[in-house]
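Work through the exercises below with the sequence and the structure side by side. Each task is followed by a solution in steps.

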Amino acid sequence: SGDRPKATELLKTVPTEIQLKFPGIMSLISVALGNRDEALNYLELGYNARSLQMIFLKLEPAWDPLRAESRFKALLKKMNFE
């Protein structure tokens, strides 16, 4: 609803086991909130955990704000998605 502070606070209440199970979704939420570093951290976690959600890394438009980031490019390269 556009209430970023409230959304950020709610995000902090998500249990760690959920964050670890769904790093791709957590990354998308972080991007939507403008938290690029946090989004990239979740993507790196997803890569290391071999999360199925990572197969959409190259195609998902919601990750467009991260495409210029060197960490994002490195993930694409690791996954042979360049």
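Contact means heavy atoms within 4.5 Å. Helices are DSSP runs of H or I with at least four residues, strands are runs of E with at least two, and both are numbered from the N terminus. This is a predicted model, in which local features need pLDDT of at least 70 and side-chain atom pairs count only at pLDDT 80 or more, while totals for chains, interfaces and linings use all residues. Residues are numbered from 1 along each chain as its sequence is written, and side-chain values use heavy atoms, with hydrogens and water left out.

**Exercise 1. The buried face of α3**

Task: Find the buried residues of α3 and state which helices they pack against.

Solution. 
Step 1. Apply the cut-offs: buried means under 20% relative accessible area, exposed over 50%, and partly exposed in between, with a 1.4 Å probe and protein chains only.
Step 2. In α3 the buried residues are Pro23, Gly24, Met26, Ser27, Ser30 and Val31.
Step 3. Viewed down the α3 axis, these residues fall within an arc of 160°, so they line one face of the helix. The arc is that of the directions from the helix axis to the C-beta atoms.
Step 4. As background, an α-helix has 3.6 residues a turn, so residues three or four places apart point the same way.
Step 5. The packing partners of the buried residues of α3 are α1 (4-12), α2 (16-21) and α4.

**Exercise 2. α3 against α4**

Task: Describe the packing of α3 and α4 by axis distance, crossing angle, handedness and contact residues.

Solution. 
Step 1. Axes are lines fitted to C-alpha atoms, for helices over the stretch in contact, and angles run from 0 to 180 degrees between N-to-C directions.
Step 2. The axes of α3 (residues 23-32) and α4 (residues 36-48) come within 8 Å and cross at roughly 170°. That makes α3 roughly antiparallel to α4. The classes are: under 35 degrees roughly parallel, over 145 roughly antiparallel, 65 to 115 roughly perpendicular, and the rest oblique.
Step 3. The crossing of α3 past α4 is left-handed. A crossing is left-handed if the near helix is turned anticlockwise from the far one by less than a right angle, and right-handed if clockwise.
Step 4. From α3 the contact uses Pro23, Met26, Ser27, Ser30 and Val31; from α4 it uses Glu38, Ala39, Tyr42, Leu43, Leu45 and Gly46.
Step 5. By type, these residues divide into 7 nonpolar, 3 polar and 1 charged. Here Ala, Val, Leu, Ile, Met, Phe, Trp, Tyr, Cys and Pro count as nonpolar, Asp, Glu, Lys and Arg as charged, and the others, Gly among them, as polar.

**Exercise 3. α4 against α5**

Task: Carry out the description for α4 and α5.

Solution. 
Step 1. The two axes come within 10 Å and cross at roughly 15°. α4 and α5 are therefore roughly parallel to each other.
Step 2. α4 passes α5 in a left-handed crossing.
Step 3. α4 contributes Asp37, Leu40, Asn41, Leu43, Glu44 and Tyr47 to the contact, and α5 contributes Arg71, Phe72, Leu75 and Lys78.
Step 4. This contact divides into 5 nonpolar, 1 polar and 4 charged residues.
Step 5. Asp37 and Tyr47 are 10 residues apart in sequence and 15 Å apart in space, C-alpha to C-alpha.

**Exercise 4. Positive phi**

Task: Where do Arg50 and Asn80, with their positive phi, lie?

Solution. 
Step 1. Most residues other than glycine have a negative phi.
Step 2. Arg50 has phi near 55° and lies in the loop between α4 and α5. At 77% relative accessibility, Arg50 is exposed.
Step 3. Asn80 has a phi of about 60° and is found in the segment after α5.
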